Amino acid sequence: MSGFPYLTLMTFVPLAGTILILLLPRDRVETIKRVAALFSLVPLVLAFAVWAQWDQALPRAYGMVLLEHAEWIPSLGISYTMGTDGLSFPLVFLTALLTFLAVVASWHMISHRQKDFFALLLLLETGMMGVFLALDYVVFYVFWELVLVPMYFLIGIWGGPRREYAAIKFFIYTLVGSVVMLVGILALYFGTGAETFNMMEIAAAAESRIPARTQLWIFLALYLGFAVKVPVFPFHTWLPDAHVEAPTPISVVLAAILLKMGTYGFLRISYPTLPDAAKHFVVMFAALGLVNIIYGALTAMAQKDLKKLVAYSSISHMGFVLLGLAAGTPLAVAGAMYMNISHGLISGMLFLMVGAIYDRTHTREIPALRGLYVTVPVIATVLAFTAFANLGLPGLAGFIAEFFVLAGTFPVSVTWVAMAVVGMLVVAGFNLWMMQRILMGEPKQEYAGLPDARPIELFTYVPVVALILVLGVAPGVLMRFLNGPALEIVQRLGGM
Amino acid sequence: MEWNLVLPELIVAGTGLGVLLLDLFLTGGGRGRRAVGYTGLAGLAAALAAALRLMPAAGRGELAGPFWQGMVVGDQFAVLFKVLFLAVGLVVLMLAVDFVERRRIPAGEFTALVLFAVLGMMLMGGSRDLIVIYLGLETTAVASYVLAGLLRDDVRSGEAAIKYFLTGALASAVILFGMSLVFGGLGSTSLPNASALAEGFAGAGPSAATAVASPLLLAVGLVLLVAGFGFKVAVVPFHFWAPDAYEGAPTPVTAFFSVGPKAAAFAVMLRVFGPFLTMVPVTGVEGKAFALLPSLFAVLAVLTMTVGNLVALVQRNIKRMLAYSSVAHAGYILVGLAVATPRGLAAVVYYLLAYAAMNLGAFAVVIWLNNRGTGDEVDDYVGLSQRAPLAAAALLAAFVSLIGIPPTAGFFGKFYLFMAAVEANMAWLAVLMVVNTAISVGYYYAVVRNMYLQPEAERGARAAGQLPATPLVGTALGATVVAVLALGLLFEPLARLAGLACGGL
């Protein structure tokens, strides 16, 4: 793995696609779609190439690989530094895969202003890739904010009836969170006095050079930026709105990748850089994590709208990430990282299924749907599979993540585990109840003769279903990436 | 060397007089009158080239020496602002040529007045002497009053001119009085730089002239100057004239007001207050009085950005909205003065560059659309992304930058201000800026929503029979959008330049 700029290409090839699409005439819809597919396929291919060489690249399982470095603003210590490790690479892979699938899924689903849609979707991919790959705070922040603008338009133009409200709410929540985060980043910069925005160097210097009390404030400032994205209760209210209104492919990207930017921030920045503050806030983390798990699950149970149900289910699952971080044992932290990926796959898949059902029946109301096993057997089966994965059925990806988190939390606090298990029961409850209501029963007359899954839809389902299965039976595939980073974080916390 | 230094001013003044002369000999209205606009453009371009040619020498400090008894200085700061003012003048004239013709504004007067206003701004930035600064200030102000009223058949234009004139005259009087007190305090009309000021306070200056005669007079004078310049840059509570003047004035003039004279006034503020802000604290009662100066700026900054943003939220006219937005941005800029560090002052300079680019970009779109028959109400922008996708995208870029989202110049401007505030342990000021940034999303969003999320209404928004337009507005628009992105990506050299410029204050 020599100096080939994998990471820069993964980040900026989609941007090149955006520019190319903008130059194409508006009515060449087929060409635009092909260009979008091609330019989102390239990062995926590159991600596979990196995956194939991972072991030679990182024999010790620690540290950054594929580092790229260029000076940008040397007088302030800002440089274009990109790199990846076992923490970020699975997220990068997830981004590449799901953006590509989102492009394919949008193929027939987006029926107006296709040029703008695909240009924005590719721009969004550049932002997400950059967030996971940047190792300089300013570059990280630039990408972080870059995500906002395309997402705003993707929800606001192609969304449902309340799209404008949902889009601006998303925008304002995340903007406020991230600008406060920027103040925190600047406080880190001046606090360490290291004259650099490099994440690794700041992480090495922060603990010893910043007064403990200031560390707590900085931690909270960063926390606000990340917590809005996760979203952590009580900053979560934008999520159901955004999810419900967003068009299906965008819901997929939102749930699968955007939420992970928040948890990634905790894992990449908050914990390694300010471990003392992280320990100080352990109870807050655990408590809010448990609130997320139980509140999210209970609220999901009460939903009549399928998309809202999936959205609240996301809130519940992100609670496990927080709980795993709070527990701070190697197994729990690895479980939190595992949850990032498994939830990305499962929730993305759930949104695809909801989209497929809505496409056919034009409703997402659970009471209005019945007997889908009979009318659209393939879609119903895939939905059932995904719902089982969502409720944590052993043998599927979600189970491994939850198991790791709970097993890792057990030595720390049995109470936390017990409370989380209550949440899991509710999660199982609403998933089963949802399946019972919409898949079983007497099929509705007006839905007879609906077309089942089209080949292009199956094409988007197969890779995700396969990965959910693989990660459920062979956790080693993913754990070989996560082990090192999880141990690193635990060591920073002073555990083990 | 001395004459080289004032070559840009000479070119601008000469062109201004030439334009007036040329106007006498041009007969007939309409297209023939364009010649004066082009002449003005050529003059400004030549002056800009002359000013750019001074940059390397100014960077080496070869032009710092006092010329003509210190009436003119050629330090990095002066030359940088000259370049900015000339660029602003150039863009404004480009934006105006079609507009002036369409709205039957007398082209000769318009062009000459813009040139004289730019000349005044250059004098303001390019001197250390209070008298020359005041002359520049008045030259700009008088030209501006007339410019505001040039739409003679529009009563709002007249109202704008009268309001601008009355408040401007009051502000000038306050400034002049403040200057006289500062003169009394310093014992000289020449403004000291930071080191001379420190010596002056210590009473150990090489000559009696540099010793501070009366710190009390100086302090009172400075406070009056804060109020007077507060009027000029529309700082709350001295801002009430701005929305009416901005709304009533011809749109290219509004664009000019919102960046040109404002930047010039900030340049003078940096020149006057910079040494006091970054000075080592002096002891005694007077020292405490000077130490309050940053707090004064902090209060004004918070008031200005908050009021500006809140009131902008309820505006329905885009010019008025941009007027309040420009009030809010003056508040952000004041943060740089409030933190009272070299980085804070440099951040002010960088922000002024970024602000000029993004605000002119926004106005360029408004003018471009107005020339094509779109009104100035926010509701007239409904469905713009379908009707004029490029204009909508350009306005979006300007607004993204005005909000402060990367990778635009506006983001780096705010970033640098944040940085200065956090460095000076004034993170609370940065947090208030954050809150304000969130508020500001509201009104920029209203326009973006109309442009992109609303389908075009069923009405003939486009007026029939447009004039054939020159590509000038489009060129200016493209240039500002490129500048909005380029100023961000070229942050390093520009921030370095800003730092160097403020180092000589």
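Let's start in the loop between helix 4 and helix 5 of chain B, where B:Arg104 sits. Everything here comes from a predicted model. Phi of B:Arg104 is near 55 degrees, a positive value in a residue that isn't glycine. Most residues other than glycine have a negative phi, and most peptide bonds are trans.

Look for B:Asn425 in the loop between helix 17 and helix 18 (427–453) of chain B. With 11 other C-beta atoms within 10 Å, B:Asn425 is exposed.

Then there are the cis peptide bonds. One joins A:Phe233 and A:Pro234, and A:Pro234 is in the loop between helix 10 (212–229) and helix 11 (238–245) of chain A. Another runs from B:Pro406 to B:Pro407, with B:Pro407 in the loop between helix 16 (389–403) and helix 17 (409–423) of chain B. Here are their omega values:

| Cis peptide bond | Omega |
|---|---|
| A:Phe233 to A:Pro234 | about 5 degrees |
| B:Pro406 to B:Pro407 | near 5 degrees |

Now for helix 3 of chain B, residues 34–59. How far apart are its end C-alpha atoms? They are 38 Å apart, and that agrees with the 38 Å that 26 residues should span at 1.5 Å a residue. Among the buried residues of this helix are B:Val36, B:Gly40, B:Gly43, B:Leu44, B:Leu48, B:Leu54 and B:Ala58. The buried residues of helix 3 pack against helix 1 (2–5), helix 2 (7–25), helix 4 (76–102) and helix 5 (107–125) of chain B. Just past the end of helix 3 of chain B, B:Gly61 has a positive phi of about 80 degrees.

Over in chain A, helix 1 (residues 6–23) and helix 2 (residues 29–52) pack with their axes 9 Å apart, at an angle of about 180 degrees. Angles over 145 degrees count as roughly antiparallel, so helix 1 and helix 2 of chain A are roughly antiparallel to each other. From helix 1 of chain A, the residues that meet helix 2 include A:Tyr6, A:Leu9, A:Val13, A:Pro14 and A:Gly17. On the helix 2 side, A:Ile32, A:Ala36, A:Phe39, A:Ser40 and A:Pro43 are among those taking part. By class, this contact has 18 nonpolar, 2 polar and no charged residues.

A:Leu122 belongs to helix 5 (residues 114–133) of chain A. Is A:Leu122 buried or exposed? A:Leu122 counts as buried, because 26 C-beta neighbours lie inside 10 Å. Leaving aside neighbours within four places in sequence, A:Leu122 is in contact with A:Pro14, A:Leu15, A:Gly17, A:Thr18, A:Ala36, A:Phe39 and A:Ser40. A:Pro451 is 329 residues away from A:Leu122 in sequence, and their C-alpha atoms are 30 Å apart in space.

Finally, the two chains touch. How many residues does each chain bring to the contact? Chain B brings 23 residues and chain A brings 26. On the chain B side, helix 17, helix 18 and helix 20 (491–503) each supply at least two residues. Helix 18 of chain B gives the most to that side, with 11 residues. Sorted by class, the chain B residues that touch chain A divide into 18 nonpolar, 1 polar and 4 charged.

Definitions and conventions:
Residues numbered from 1 in each chain as written. Chains lettered and ligands numbered in written order. Predicted model: local features only at pLDDT ≥ 70, side-chain atom pairs only at ≥ 80, totals over all residues. Helix = DSSP H or I, 4+ residues; strand = E, 2+ residues; numbered from the N terminus. Expected span 1.5 Å × (residues − 1). Buried ≥ 20, exposed ≤ 12 C-beta atoms within 10 Å, placed from the backbone. Contact = placed C-beta atoms within 7 Å. Nonpolar A, V, L, I, M, F, W, Y, C, P; charged D, E, K, R; others polar. Axes fitted to C-alpha atoms, helices over the stretch in contact; angles between N-to-C directions. Parallel < 35°, antiparallel > 145°, perpendicular 65-115°, else oblique.
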